[in-house]
Amino acid sequence: MPYPTFEQKLEKKIISRFQKAIYQYNLIQDGDNILIALSGGKDSLCMLEMLGRRMKIHNPYFKAEAVHIRMDNVNYQSDTSYLKSFADGYGIPLHVIATHFDFSENSGKPICFLCSWYRRKQIFNLAQKLGCNKIALGHHMDDIIHTAMMNQFFQGQFSTMPVKLQMKKIPLAIIRPLCLVSETDISQYAEMKGYEKQKKLCPFEKESHRTNMRDIFNTIEKINPEARYSMWNALEAAGKLIEL
Ligand SMILES: Nc1ncnc2c1ncn2[C@@H]1O[C@H](COP(=O)(O)OP(=O)(O)OP(=O)(O)O)[C@@H](O)[C@H]1O
């Protein structure tokens, strides 16, 4: 039998990490109705592919729909016809919602915060309208670790984005099925599968604390290549990965 190629090994690795997350953190159960948040970036495309492939196996048995939010007054472009046909390829209907927010709103909050808040609001509204009990977001392991670093260094808290978060007031949970997958693996996979890149990125997306954390963490990983697992274990031991 021929040795598996790099591509085959990468695909197997991503699938096995995705499955491990589903079982280890009990992210998906029989009968779930999941709304997949699809930005059009590599992470949420990969998440949709993994969920779509898993859905066909019927173990666990769940249904899924997807949503893409377009901010009309932010100058970026996503190819919605590509996103529709991508989701369609896995039998997942895509809802596209156009919305906008008021830049002049004098709340003192940064634009990225406001944009993300309005986007989340639309996603939550649609999930409730469709009777979904879960929303899947495409954050990966690096996102979760960088957030933990930011919270620790800027907020004085040891916390992060949980892999599963049950809302207190509404019957909805947020899940992050790519939580055990690294950004490098997703980038290589996206390249290998020929995922289309977004046409024009958001003009407000620039240097941020998140970019700084990524650079610092890259340096840490050069010193200790196991650092991410150490950080993950610390978050797990402190009960920061699940909020029920
Ligand atoms: N416009 C959007 N419509 C629907 N979901 C979104 C949108 N923007 C972000 N999301 C969801 O929130 C997650 C995190 O968003 P973030 O902005 O960090 O990711 P991104 O860099 O835009 O794209 P991706 O994570 O897909 O590569 C996304 O993975 C996706 O699940």
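Select helix H3, residues 80-88. H3 lies across E2 and E3. Its direction runs at about 155° to that of E3. Keep in mind, as you click around, that this is a predicted model.

**Stop 1: the sheet**

Now select the strands. Seven of them form an open sheet. Read across it and the order is E3-E2-E1-E4-E6-E5-E7. The pairing is mixed. Strands of a sheet pair through backbone hydrogen bonds, either parallel or antiparallel.

Which strands are the edge strands? They are E3, residues 94-99, and E7, residues 242-243. Each of these pairs on one side only.

Next, select strand E1, residues 32-37, together with strand E4, residues 134-136. E1 and E4 run parallel. Three bridges join them. Pick out Ile34 and look across to E4: Lys134 stands opposite.

**Stop 2**

**Stop 3: the loop between H2 and E2**

His58 sits in the loop between H2 and E2. Its phi is near 65°, a positive value in a residue other than glycine. Is His58 buried or exposed? His58 is exposed, because it has 9 other C-beta atoms within 10 Å.

Step along to the peptide bond from Asn59 to Pro60. This bond is cis, with omega near 0°. Pro60 is in the loop between H2 and E2 as well. Pro60 has 16 C-beta neighbours inside 10 Å, so it counts as partly exposed.

What does Pro60 touch? Leave out residues up to four places away in sequence, and the answer is Ile28, Gln29 and Asp30. Now draw a distance from Pro60 to Ile22. They are 38 residues apart along the chain, and their C-alpha atoms are separated by 9.6 Å.

**Stop 4: the loop between H1 and E1**

Select Asn26. Asn26 is found in the loop between helix H1, residues 6-24, and E1. Check its phi: the value is about 50°, positive although Asn26 is not a glycine. Asn26 counts as partly exposed because it has 14 C-beta neighbours inside 10 Å.

**Stop 5**

Select helix H5, residues 141-155, and helix H7, residues 209-223. They pack at an angle of about 105°, and their axes are 9 Å apart. That angle is why H5 counts as roughly perpendicular to H7.

Show the side chains at the contact:

- From H5: Ile145, His146, Met149, Met150 and Phe154.
- From H7: His209, Arg210, Met213, Arg214 and Phe217.

How do the residues of this contact divide by class? Six are nonpolar, two are polar and two are charged.

Zoom in on Phe217, which is in helix H7. Phe217 touches Ile145, His146 and Met149, not counting residues up to four places away in sequence. Phe217 and Ile145 are 72 residues apart in sequence. In space they are 8.7 Å apart, C-alpha to C-alpha. Is Phe217 buried or partly exposed? Phe217 is partly exposed, because 18 other C-beta atoms lie within 10 Å.

**Stop 5: Tyr189**

Finish at Tyr189, in helix H6, residues 183-193. Tyr189 has 21 other C-beta atoms within 10 Å, so it is buried.

Which residues is Tyr189 in contact with? Set aside its neighbours within four places in sequence, and they are Leu10, Ile14 and Cys46. Last, draw a line from Tyr189 to Asn218. These two are 29 residues apart along the chain, and their C-alpha atoms are separated by 20 Å.

Note on methods. Residues are numbered from 1 along each chain as its sequence is written. This is a predicted model: local features need pLDDT of at least 70, side-chain atom pairs count only at pLDDT 80 or more; totals for chains, interfaces and linings use all residues. Helices (H or I, at least four residues) and strands (E, at least two) are DSSP runs, numbered from the N terminus. A residue is buried if 20 or more other C-beta atoms lie within 10 Å of its own, exposed if 12 or fewer, and partly exposed in between; C-beta atoms are placed from the backbone. Two residues are in contact if their C-beta atoms, placed from the backbone, lie within 7 Å. Axes are lines fitted to C-alpha atoms, for helices over the stretch in contact, and angles run from 0 to 180 degrees between N-to-C directions. Angles under 35 degrees count as roughly parallel, over 145 as roughly antiparallel, 65 to 115 as roughly perpendicular and the rest as oblique. Ala, Val, Leu, Ile, Met, Phe, Trp, Tyr, Cys and Pro count as nonpolar, Asp, Glu, Lys and Arg as charged, and the others, Gly among them, as polar. Two strands pair if DSSP finds at least two bridges between them.
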